[in-house]
Amino acid sequence: RNCFEKKNQKNTNHHMTNSSGLHTRIVKRFTNLLQRKRTRWSVVAIWMVVVALGAFFAPKFLKSCDSKITPPSSTQGHEADEKASRWFPSFSSSKSMAVYVTLKNPNSPNSSLVDETHKPLLQKLETDFCSDAAKRFKESKRLISCSGYTTICKLLPLTSTQLISPPKCANDCAQVKGESMCSSSVIALTMTSDWDNGDTKDTVDILKSHADDSLFDATLTGNEVFYYEGEHMIAETLHTMDTVSLPLAVLVVWITLGNIRMLLILGFNILICLTLAFTIMYPIAQSTTVYTTVPSMMMSVIIAMSIDYSLFLLARFQEEVKKEKCALRKANVDASRVFADEVRLWCIIFTMLDHAGYNVFVSGTCLMLCFIGLLCFPVSLIFSLGAGAAVAVSSAILVNLSMSPVLLYVVFER
């Protein structure tokens, strides 16, 4: 821009400091407080405490997430669960899984699990797996029972072949050496109600150690496996965001702003937003069900909103710096001394918060209210998604509006 086409900066500053808007008065009071070093370092100290708390509570929040979808109250599913728990107490006090066993080569001539070749190996697999599982959970007593069903193939061939898994070989339900065809078997596990994802992972590892080198494909199935895979999916999603999405986003910001110090401010904001949001969500997860999809969704929202809001604020900051440099050049003053005057730096940060900060607050509040509307739905999955998104957006607003000006003071004050 041509510096001579700009308005006199003195008149501009006089206009903005005498504006009578409510948000302007709030911003003016806040920026006046930030002129004191004690206030600035107090804000930094508060957010560092939040980061420390987040380092402790964030992992706990991730482990508190659940994948079990419960039916809403006043529905048939909810009433059925209540009656089943009342009439059959073991229904709610235990969990179950099943190992589904098939041959790795079902199209072989002898593809029955009950022939002379496969049956002893299948019984050994069942025995060894259940024995190791019993040893693993002997102290915790979380494993109630583990039993194989090789006899089903012999006693109920029609059930085993047609209800569990039809044989894939060409001669379905044929006779192999005088014995009924059987293509699959099951190992049933019953666990206590305090069974967790860590126990499921240990069970998966035990099964792999016995099935990988055998003639069988053994797969652990059941709701508990689904919950474990959901937690594993969260870890992979967060890792992908950390290693792919975030670096790409930072690259875009660097190209836009062209200042490494601005990138550091963005990085601090994202870190504080994550720890604040996950810390807030931990007590919520203790009082209600928060699903495993919520953390990855929250991280996506936090990264997106933090980058968006930081771009709003920092781009406006750079624009005001350019205006001030043009005014200094017009006055034949060294433009590199734009930050030498504390009053000039105050005016730049004030204008940034008064304009870009107002846009961040209004747009973020509207988005947060939209997510809060999801809390009105009786479905717990939608409720937890709305709560997580609302906390993520509110954290992004609070951190960017409070920490960004403080860090700008710290970085550019000298």
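Trainee: At what angle do helix α3 and helix α14 pack?
Mentor: Helix α3 (residues 37-64) and helix α14 (residues 380-412) pack at about 130°, and their axes are 10 Å apart. This is a predicted model, where local features need pLDDT of at least 70, side-chain atom pairs count only at pLDDT 80 or more, and totals for chains, interfaces and linings use all residues. Residues are numbered from 1 along each chain as its sequence is written, and side-chain values use heavy atoms, leaving out hydrogens and water.

Trainee: How are the axes and angles defined?
Mentor: Axes are lines fitted to C-alpha atoms, for helices over the stretch in contact, and angles run from 0 to 180 degrees between N-to-C directions. Helices are DSSP runs (H or I, at least four residues), as are strands (E, at least two), numbered from the N terminus.

Trainee: Which residues of α3 make the contact?
Mentor: Arg40, Trp41, Val43, Val44 and Trp47 do, meeting residues of α14 that include Leu398 and Tyr409. Contact means heavy atoms within 4.5 Å.

Trainee: New topic! How many disulfides does the structure hold?
Mentor: One. Cys130 and Cys146 form that disulfide, with sulfur atoms 2.1 Å apart (the cut-off is within 2.5 Å).

Trainee: Which parts does the pair tie together?
Mentor: Cys130 is in helix α6 (residues 118-136) and Cys146 in strand β2 (residues 143-148), so the link joins parts 16 residues apart in sequence.

Trainee: Is Cys130 buried or exposed?
Mentor: Cys130 is buried, at 12% relative accessible area. Buried means under 20%, exposed over 50%, and partly exposed in between, using a 1.4 Å probe and protein chains only.

Trainee: And what about Cys146?
Mentor: Cys146 counts as partly exposed, at 21% relative accessibility.
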